[in-house]
Amino acid sequence: MLIFSTSDKGGTGRSVTSCNLAYRLCAAGRNVAYVDFDFGSPTAGALFEISAVERGIADGGVHSYLLGESGTVSRVDVGTATDRAELKRIGPRSGRLVLFPGDEGGAEFLTSSDAVVTRCAELLVALEQEFRVVFVDLSAGRSVALELALQATGLPQLRRRTSRWLIFHRWTRQHILAAAGLVHGPHGLLQTGAVCGHDPEELLGSTRYVRTAVPAAHSQPTAQRAAQAAWLQEQDVALRRLATANGLGSTAVLGATPMEPVLQWREQLILDSDVNAHIANPETALAYTELARRLVDIATWERL
């Protein structure tokens with residue numbers, strides 16, 4: 001299964017949520033690949049707390065491979081290379097979690113040539129055959145990374161393979177409008193996908209939204225006064241109406257993650273040890289576990 005993570009804006013929690021989902025699937029016994037396609041800012045290594053590749057890798061990253069500068073892509077076993085002791089002990093029944101880092105100092109492609117698209121497709125085919133789940137973390141916005149992924153998955157060798165497109169957004173008016181535009185707007189996912197050979201209806205059926213850092217409007221300390229709580233409730237209702245009107249209603253949403261104090265201070269994996277130590281909220285770990293389950297369960301996906 002290929003999972004492409006994207007967003008129209010930066011700061012949506014796209015990468016940190018995707019890394020947490022990859023970790024949860026690995027902990028559940030699946031072999032998972034995480035491919036850093038955020039060419040301008042390849043920092044997935046920092047989220048997995050691998051200091052050697054926290055800003056990407058010096059040679060042989062995804063960027064170099066796609067440009068034909070290297071014949072293979074460097075891979076980093078997260079459980080072996082991480083600096084975080086708790087992450088080294090994922091569990092006896094866990095699968096493998098492997099990071100394919102971007103190049104340190106790499107930049108966004110100006111355009112994607114046929115050769116780059118072919119190498120991208122070859123990489124995705126090989127990874128999909130080796131791993132149960134392959135996360136591809138794309139750059140934000142209508143990027144060349146998004147176009148490249150659509151071009152590659154539109155080729156015959158990938159067209160019939162299971163792909164998921166996750167659109168991440170915060171629970172604000174601006175983010176809802178931006179996420180809707182990324183999918184339905186000019187040069188968005190559906191329009192670009194059609195140019196790349198995708199059926200827009202099938203592509204839309206493979207697309208779900210993930211709402212991140214959603215506050216509980218009725219809880220402390222989010223609402224400290226009665227009038228404030230009432231106003232927040234009204235805004236939540238208004239946002240739900242806006243989301244529905246823009247195609248981001250409940251049937252298009254994979255799920256949501258709550259506001260998490262740990263992630264406001266430090267982007268990282270939320271491990272069960274963080275919850276057990278009363279550092280992270282149990283609701284956050286539960287949200288990641290449920291999102292991961294819905295993501296790979298075909299029956300649940302199709303019911304949404």
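How far is the sulfur of cysteine 120 from the closest cysteine sulfur, and in which residue does that sulfur lie? The separation is 11 Å, and the partner is cysteine 196. That is too far for a bond. A disulfide is a covalent bond between the sulfur atoms of two cysteines. Here a disulfide is taken as a pair of cysteine sulfur atoms within 2.5 Å. By this rule the count is zero disulfides. Seen from cysteine 196, the closest cysteine sulfur is that of cysteine 120, at 11 Å. Cysteine 120 has 0% relative accessibility and counts as buried. Cysteine 196 is also buried, with a relative accessible area of 16%. Buried means under 20% relative accessible area, exposed means over 50%, and partly exposed lies in between (1.4 Å probe, protein chains only).

The model is predicted: local features need pLDDT of at least 70, side-chain atom pairs count only at pLDDT 80 or more, and totals for chains, interfaces and linings use all residues. Residues are numbered from 1 along each chain as its sequence is written, and side-chain values use heavy atoms, with hydrogens and water left out.

The sheet comes next. Helices (H or I, at least four residues) and strands (E, at least two) are DSSP runs, numbered from the N terminus. Two strands pair if DSSP finds at least two bridges between them. Eight strands form an open sheet in the order 3-4-2-5-1-6-7-8. The pairing is mixed. Strand 3 (76-77) and strand 8 (253-258) stand at the edges. Each has a single partner strand, so one side of each is left without a neighbour in the sheet. Strand 7 (residues 207-214) and strand 8 run parallel and are joined by four bridges. Valine 214 has proline 258 of strand 8 as its bridge partner.

Helix 9 (residues 173-184) packs on this sheet. The helix touches strand 1 (2-6), strand 6 (163-170) and strand 7. Contact means heavy atoms within 4.5 Å. The direction of helix 9 makes about 155° with that of strand 6. Axes are lines fitted to C-alpha atoms, for helices over the stretch in contact, and angles run from 0 to 180 degrees between N-to-C directions. Histidine 175 lies in helix 9. Its relative accessible area is 14%, so histidine 175 is buried. Leaving aside neighbours within four places in sequence, histidine 175 is in contact with Lys9, Gly10, Thr12, His169 and Arg170.

Strand 5 (residues 133-138) is largely enclosed by the rest of the structure, because six of its six residues are buried. Val133, Phe135 and Asp137 point one way from strand 5. Val134, Val136 and Leu138 point the other way. Strand 5 pairs with strand 1 in the parallel sense over four bridges. There, leucine 2 has valine 134 as its bridge partner. Strand 2 (residues 32-37) also runs parallel to strand 5, and six bridges join them. Tyrosine 34 is bridged to phenylalanine 135 of strand 5.

The expected span of a helix is 1.5 Å times one less than its number of residues. Helix 12 (residues 226-245) has 20 residues and should span 28 Å. Its end C-alpha atoms are 29 Å apart, which agrees. Leu232, Asp236, Leu239, Leu242 and Ala243 of helix 12 are buried. These residues cover an arc of only 125° around the axis, which puts them on the same side of helix 12. The arc is that of the directions from the helix axis to the C-beta atoms. Helix 9 and strand 7 are among the elements that cover these buried residues. The face turned away from the buried side carries the exposed residues Ala226, Ala227, Glu234, Arg241, Thr244 and Ala245. Glutamine 233 is also found in helix 12. This residue is partly exposed, at 37% relative accessible area. The C-alpha atoms of glutamine 233 and alanine 216 are separated by 9.0 Å, although the two lie 17 residues apart along the chain. Glycine 247 follows helix 12 and has a positive phi, near 80°.

Helix 15 (residues 282-296) has 15 residues and should span 21 Å. Its end C-alpha atoms are 22 Å apart, which agrees. Its buried residues are Thr284, Ala285, Ala287, Tyr288, Leu291, Ala292, Leu295 and Val296. They cover an arc of only 160° around the axis, which puts them on the same side of helix 15. The face turned away from that side carries the exposed residues Glu283 and Leu286.
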